[in-house]
Amino acid sequence: ANRYAAGGTRSALIVTGEESTAQVRLRAERTGALDERLFLAAENDLGAVLSHVQDVQPGLLVVDSVQTIATAAVEGTAGTVAQIRSVAATLIALAKASGIATILVGHVTKDGSIAGPRVLEHLVDVVLYFEGDRHSALRLVRATKNRFGTVDEIGCFEMRETGLAGLPDPSELFLSDRPVAVSGTCVTVIVEGRRPLLTEIQALTAGVNYGTPRRSLSGLDGQRVAMLLAALGQHAGVPLANYEVYASTVGGISATEPAADLAIALAVASAARNVDVPNGLCAIGEISLAGEVRRVAGIERRLVEAARLGFHTAIVPAGHRGETVGPDVEGIRTLPVTTLADALTVLTGPRGTGLDEAPRRRTLRAVHDTT
């Protein structure tokens, strides 16, 4: 709202129904969002909101949140189905009649649904979700509905003391800055909207002698990881039935698309076999129940993004659009594989069959120690 008021010819009005004007002004002072054409009103009555709009004549109206605004024309308290429908319909009619760009903020529950009714999504023109993990500074603005364009774009922001800052290159948040290679990690390239993002997968395995082994995940799809663990034991010779498995993503991003399957499997296998994954290596591909590495969409964009960030080798599916992915694609060396077992061979196999710089088992260190 401050940017609109500072750069446009019309003013902006923020209606806050949850906080006082003093609270919001303190935040505006901290983030440097003060402008003489930016107005603020703390109201919970729709009639009072309409009066402020009439007085200010803004070009941008923000209502935070619509669940806290009530109208006397409808029975019930604020936040009920009838109240939200009536308040939203009135504000939408006002926006269309006056040419005011209106933003209605609605609460979202833990399961991802809008608190109370979902009537807001059907009434408005654009639906944007503001997502983020409380333990991470990353915030995503994702479009799920747009009557005037596509929903393929996302916005990446970082929460700072001075407010939200746009991230032109968010992939750096999802990669660990390690000088040496370690086991149990593998980098993949996921696609959020139309933006490829490099994401690091970390895994840890620990043997148990009693009870049921734990499966603890963060940022990953539990059902897909369970399928991958079964495929590793059945088709790749990495039995994990008696091992606890911990897996997560770096930076708090979610890597739930099938293209991350191969990286997850390699990270878990690397942790189980205690084999280092070379720096500069990424893996892209979907794994089936039969242990096959399947093609994924947009692999060219993924490879370009990986090469741009300094990755020199990528393990990819053997076929893409009916053609074999050969070496030196988009400035990055590609190693095509057809099965999960082939991917593990590329990573840990003898010289000449995969990565020339693939490390050997760390069990050799025990021999050197004894000597």
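How many helices and strands does the secondary structure of the protein come to? The count is ten helices and 19 strands. Helices (H or I, at least four residues) and strands (E, at least two) are DSSP runs, numbered from the N terminus. This is a predicted model, where local features need pLDDT of at least 70 and side-chain atom pairs count only at pLDDT 80 or more, while totals for chains, interfaces and linings use all residues. Residues are numbered from 1 along each chain as its sequence is written, and side-chain values use heavy atoms, with hydrogens and water left out.

Start with the overall figures. The protein has 371 residues, and buried residues make up 42% of them. Buried means under 20% relative accessible area, exposed over 50%, and partly exposed in between (1.4 Å probe, protein chains only). The protein exposes about 19000 Å², and carbon and sulfur atoms supply 52% of that area. Accessible areas come from the Shrake-Rupley method with a 1.4 Å probe; for residues, only the protein chains shown count as cover. Take next the contacts between residues at least 6 apart in sequence: 64% of them join residues at least 24 apart. Contact means heavy atoms within 4.5 Å.

Now turn to strand S9, residues 185-192. Eight of its eight residues are buried, so S9 is largely enclosed by the rest of the structure. Thr 185, Val 187, Val 189 and Val 191 point one way from the strand. Cys 186, Thr 188, Ile 190 and Glu 192 point the other way.

Which strand pairs with S9? Strand S10, residues 195-207, runs antiparallel to S9 and is joined to it by eight bridges. Two strands pair if DSSP finds at least two bridges between them. Thr 188 stands opposite Thr 199 in S10. The two strands form a hairpin with two residues between them. In the turn, Gly 193 has a positive phi of about 70°.

Arg 195 belongs to S10. Its relative accessible area is 25%, so Arg 195 is partly exposed.

Arg 302 lies in helix H8, residues 299-308. Is Arg 302 buried or exposed? It counts as buried, at 3% relative accessibility. Its side chain reaches the backbone oxygen of Val 189 at 2.6 Å and the backbone oxygen of Ala 297 at 3.0 Å. A polar contact is a pair of N or O atoms within 3.5 Å; within protein, one must be able to donate a hydrogen and the other to accept it, and residues adjacent in sequence count only if both atoms are side-chain atoms. Leaving aside neighbours within four places in sequence, the contacts of Arg 302 include Val 189, Ile 190, Val 191 and Pro 196.

Ser 270 sits in helix H7, residues 261-273. Its relative accessible area is 1%, so Ser 270 is buried. The side chain of Ser 270 reaches the backbone nitrogen of Gly 184 at 2.8 Å. Besides neighbours within four places in sequence, Ser 270 is in contact with Ser 183, Gly 184, Val 275 and Val 277.

Finally, the surface. Leu 128 lies in strand S5, residues 126-132. Leu 128 is exposed, with a relative accessible area of 55%.
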